[in-house]
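Dear colleague,

I am passing on to you the structure that follows, and below it you will find what was found in two parts of it. Please read the notes with the structure open beside them.

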Amino acid sequence: MKGLLLAICFASGVFAQQAVPSYKDLKYPPLRQVKIPEPASFTLSNGMRVFLLEDHELPLVHGLAMIHTGNLFDPPDKKGLSEFTAQVLRSGGTKSKTGDQIDEELENMAASVESAMDETSASMSFSALKENSDTVLSVFKDVLTAPEFRQDKLDLAITQTRSAIARRNDDANAIPDREMMRIVYGPTTPYGWQVEYEDLNHIHREDLVQFYRRYYFPKNIMLAVYGDFKIPEMKEKLEKLFADWTVQQPDVPKFPEVSAKPAPGIYFAEKADVTQTFFAIGELGGTLREKDYAALQVAANILGQGFSSRLMSQIRTKLGYAYDISAQWAANWDHPGTFRIGGSTKSQSTTETLQAIRVELDKMRSTEVTARELDEAKEGVLNSFVFFFDSPAKTLNRVMRYEYFGYPKDFLFQYQKAISAVTRADVLRVAKERFLPENLAIVAVGNPKEFGKPLSTLGKVNVIDLTISEPKSETVKSDAASLEGGRALLERAQQAMGGADKIAAVKDYSQSADMTMDPSAGGMKIKQQNRWVAPSAFRQDQDLPIGKIIAYTDGKSGWLSLPQGVMPMPPPVLKQAQGEIFREWFSLVLSDRDRSRTVNAAGPNAVEISTAEGERVRVEFDERTGLPIRQIYKETAMGGPPSEVKETYSDWREVDGIKLPFKVLIEQNGKKSGEAAVSEIKLNTGIKAEELSKRPEPAKK
Amino acid sequence: MRVRLLALLLPSLLCAQSLQDFEKKVTEFTLSNGMRFLIIERHEAPVVSFHTYANVGSVDDPSGESGIAHMFEHMAFKGTPTIGTKNWPKEKAALDHIEAVYDKLDAEKRKSFRSDPKKIEAIGAELKDAIATADSFVEENEYDRIVESNGGVGMNAGTGEDSTNYYYSFPQNRMELWFLLESERFLHPVFREFYKERDVVREERRMRVESSPQGKLVEALLATAFEAHPYRVMPGGWASDIDNFRMPEAELFYKKYYTPGNITIGIAGDVNPAEAKRLAEKYFARLPKAPLPPVVRTVEPKQEGEKRVAVETPAQPFLAIGYKRPSQYSSDNAALDVLSDILSGGRTGLIYKELVRDKKIALGAGSQDTFPSGKYPSLFLFFVIPSSGHSIEENEKALYAIIEHVKKDKVDDATIARVRMKLRAALIRKLDSNSGLASELCAYSVNFGDWRKLFTELEEFNKVTSDDVLRVAKTYLIENTRTIAYTQAPAEGGAK
C-alpha cells in the first residue's frame, strides 16, 4: 500500500509540476511577418512636402511638421533666438487670436499644438480627437502661417530663460554632459555654446519675426499626419487649408561645419552640496552614414549599453561603484556626434571609477571581444528590430527623417545587414580607430573634499568655472551710419520737446511725484521729491511708511539718511545713483553734445547712449511725435542678478515751454513693478548743489 | 437648453462605448494559487509588453529596514539556481558561508561598548574573502543578458510606496521565454551579490535624493507631513538602514510579500489569450499558494496645525506645500482629481496662469492630487519653482490667494466641461501603447478590484459638479493640515 501511495503522490507531483525547460532549450517560432505601412507622400501646390498614414485603432489624429532650420542658425550675439522664435511662435498667438485664447480653445478640445526647436530642425506638432481634428488643424495652420509674436510672451519667455540660466548649475547631474559637449564641440561654436544672460538683452521681437520669415515657408517644411482619417480626404483638406500660404524664400543655407579640435584632459567643477560625483567622458564621434556605424554601435553596446554591458558588469555589479553607468556611440544624421561615457559614483570612489572605466576602454582597444559578447550584442539589435515597426508613428517619423536628411529609403535594412556582418575583428578595429583615450575630455562634477584618491592621480586637472557670466555692457554696432542716425533721432527728440536751446538752459529742477508700487512688489505708496542741479548733484527725499529716506550724491560719493541714522552711500546704491544721473532728462536728450557720450542708432526709433565708464541706456522714441517715450537699462540690485529696467513715459505736459512726461511706468524683467504720477515739476529754481547736500539734523530728544 | 444637455451626456456615452469595444480585447483569469492575469490583445505589430505588478511597496518595509522592498526589487534581477551561476552547489555553500561570517560580525558588533575593534576588523576581512569566493561562481548579469540578447527592450523595475513593478517587452515569438524567466525569478530567486548590490542601491539614493535639491526637499516634506504612516519615508529608505541590510532580511521580506495572490500580471500586444493561459498554468502554477501578506496597520493621526520645514541648499529656491487628503477610496477622490486639473492642468490651469504666465514670479508651478501615492491617506501637493529674483514668500502668498479663490468662488461650467473633456481624451490616449496598457490595467485591477475602473472612473469624473469642487477645496485645503517645505540658501558662514 505504501508503495502505491508513494507512486500516486509522485505521479500527481509530476503532473502538477510539469517539467520546465531550461531557457537554453526553448524553441522559438519564426516571428510573424511585420506589416510595414507605406505612407502616402506628395507635395502641395505651395511646395510643402506631406506624408500621410492611416491608423484607425483610436479616434485620434496627430501631425508633425519638420522645418528645415535649427539652433545652429543662432547669431553669435543672439544665442537662443531660434528657441525663442519657436516658443513665442506658439505662445505669442496669431493675427486673430492671442496665445492665451489659443490655449483655451485647444484645451477645451483636449487638443494640443506645440512648437519646438532642435539643433538641426524645428518642429510643430498637433494632436486631436478625431471629432475636432478639422478645428485643430486650422489652429495649427494659423499658428504656423500667421504668428504675431506678441511682446508680452517674448517677455515671458525671456524671464523664464533668465531663471533657467540662474538654475542651470543647481542639478549636478545635468552639468557634466553639458560641459563635455561644450569642450568637445568648442564653446564658441554653434554646436558648443550656451545661452547667456547677455544674449537675452539682444533679442527683440523684430529678430523673432525675421527668423520666422527666413525659415518658416512652405517649401522648407515637411508635414506628416497620421491617425483616424482617409488619405484622399486628408489630402484634399490640406491642399485647401494651405492653398493661401504661398510665401517664398531662397533655399536655406547649409548648417555650419563642426570645426572643433580635440581638447582632451581632465576637467573638474566643484559642487559642495552633493554626495556623488557625476561624470561625462567624451570625444567627437561620427554620423549614421559612415560605413563603420554598425560596428561602432556594436562596440559601444558591448562596452556600455544595457544591464549586461561591460561597464555595467564591472563598475556596477562587481565593484558596486555606480547605479548609473553607460557608454554610447551617439551618431548624428548630418554631422559628427559623440562617443561618450557617463554616470555617477559616490564622492569617495570618484578616481577609482574613472580608472576602472579607462581599464575597460583599453580592453576594448587591445583585445577582441568574445564570440559570445559579439553574438549577444548583435542578437540584441537584430531580435529587437521589430520594435522599429511597432507603431505607425515610428514608421512615419522615420520616412520623413530619412528624406529630411537625404538618407536612402531602405537605410534601416542596410543597417540591419551591416549589423549582421560585424565581426570581432571589426569591433577591435573600430574601437582602436575611434575610441581614442588621447582625445577624451573627462568632465567630473563633485565635492573634492570627500574624494578618496585625488583626481590629480589621473593627470593635470583643469578647473571649470561654473560662474554664470553677467551680461557685459553690450554695445550696439557702431559705425558712421549709426552715429549719424543716433544724432538725427536725438535732434528730433529735442525738437519735439521744445528745442535744444531751451533744454540746455535748464540748470536745475525739482520734481514731486507719487509712486505706487505694484501689489506684487509690496503695493507700497511712496511720496517723492527729486532734485537735480547740473551737472551731477542729485537728491531724492522719500516718505515711506517706515519713515523718511533721503539719498544724496554728487556723482562720486554721497550719503543715505535712514530712520536709523545717516550713513555713507554704499557702493551698490552709489552705482544705481550714478546711473540715475547719467539718465537725467536734460543731459540725456543732449547726449549728442556731450563728448563723453556715444549715441548710436539701435533701430529705426531707438538709440543707445553709452559712456566709457560703462553706463548704457536704450532710449526709444515715439514714431509719430519723436518724443523719447522709453528708457531701458540694466541695474544690479544688492546681491541679486542684474535686472532689466524699462521706464515708459506718458502724459506729456509743457513746463516753461518744454514737454515733459508726468506719468512713468516702471517694469523690471518684463514685470510691472511700479507707477509714478508726477504732481509738479519746477525748472531753474536757482537752488545750489550745496543746499542739496545738507544732511538732515539728527532728531532732537 | 437641449443642446447643453446633450453635450453633457456625450462623454459618458462615448466612454461606455469604448469600454464595450475594449472589453472584447481583454481576457482575465486567476490561477488556483491566486495569481491574476490580464491579457490585452493588440495585434497591430508582433510585439508583446509584460508587466508584473506586485502589491507591495516601501510602506511594507519593516522598521529599521527602510528600503528593503526596493532592495529586493534589485535582487530580482540576480538570477536563480540555474541562471547566473557557474556552479550552483558550490555557490550556495559560499553564500551560506557569507551569512555565517556576517552573523559573527553582527554578534561582535552587538556587544556595543564591549565589542573588540580588532575582532571586528578580522571578521570584516573574513567577510570580504567570503564574498569574493561566492562572487567567483557568479555568471554575471546572465538574467539581463538573456533578456537583452533575445530582443527584450525597456527592461526595468521600480519600487513605489504602494507597489513594485517589473516590466519589459519582447518580440512576440519570445513569449514563452518571458514566462520562464519571470516565473523562475519569483519562484526561487537567488540573492547573489547582495552586498555589492547594496552599494549600488546606496548609490541610487545618493543620486536621486542626496545630490538633488528637489530630492532633499521631497524627503523633508514627507518626513514632516507624516508622523506615523510609512509614507513618511521615501521608497529608497534611509542611508543607514541601507548600509546595514542583511540578505536574510530581504529573503524574509520576499517570502512574506511575493505570494502569488499578491501579484498581478498584465500582458498586452500580439498575444493569443489561450496560449497565454496555457503558459501561465505551466510556469506560474508552480508558485505555491500562500496567505496574503498583512496590510499596513499604522494610521496617520490627525494633523493639529500647520508645519514648516526648511532645507538648506545653495541651489535656487523650491517650494512644496502638501495638504492632507483622504485615500483614493474616498468618495471625494474624483472631485479632488478635477480640482487639481482646474488648478494646474495644461496652460489653462489657474496656478500656471497666475504665477507663471501673468505675474511671472514662477518658472514653473503646479499641483498633484495625490502624493506620494494613493492607497492610504496622502497629500494634495502644490509645488513652485520661483523665477529668478522672486522669493518663496512672494510665491507662497500668491499661491494661497489662488487657493482662497477656489474655496470661495465656484468655477464656471466651461471650466468643468474642459476638465471632463481632457480626462476623456487622456483615457483614449492611454490606449495606444502596449506597455502603458499592461501597467494601467494591472494598477486599476489591484487598486480597485477591477480594471474596468479605468473606464468607469470617467463617469465619476463626469458627475463632479462645481459644487463638489468647491466643497472639497473648502474641506481639504485648510491651514491646519498643511505642511510647507522649502529650500533656502545656507546662512553666511554656515555649513556648506
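Two strands are taken to pair here if DSSP finds at least two bridges between them. Please keep in mind that this is a predicted model.

The connections are hairpins: 4 residues lie between β19(A) and β20(A), where Gly603(A) in the turn has a positive phi of about 145°, and 4 residues lie between β20(A) and β21(A), where Gly614(A) in the turn has a positive phi of about 105°.

In chain B, the division is into domain 1 (31-85 + 138-284) and domain 2 (307-488), whose C-alpha centres lie 28 Å apart. Their contact draws 36 residues from domain 1 of chain B and 28 residues from domain 2 of chain B. On the side of domain 1 of chain B that touches domain 2 of chain B, at least two residues come from each of several elements, including β3 (47-54) and β5 (164-171) of chain B, while α8(B) gives the most, with 10 residues. The residues of that side divide into 18 nonpolar, 13 polar and 5 charged.

With best wishes

Notes
Residues numbered from 1 in each chain as written. Chains lettered and ligands numbered in written order. Predicted model: local features only at pLDDT ≥ 70, side-chain atom pairs only at ≥ 80, totals over all residues. Domains from an automatic or database assignment. Contact = placed C-beta atoms within 7 Å. Nonpolar A, V, L, I, M, F, W, Y, C, P; charged D, E, K, R; others polar.
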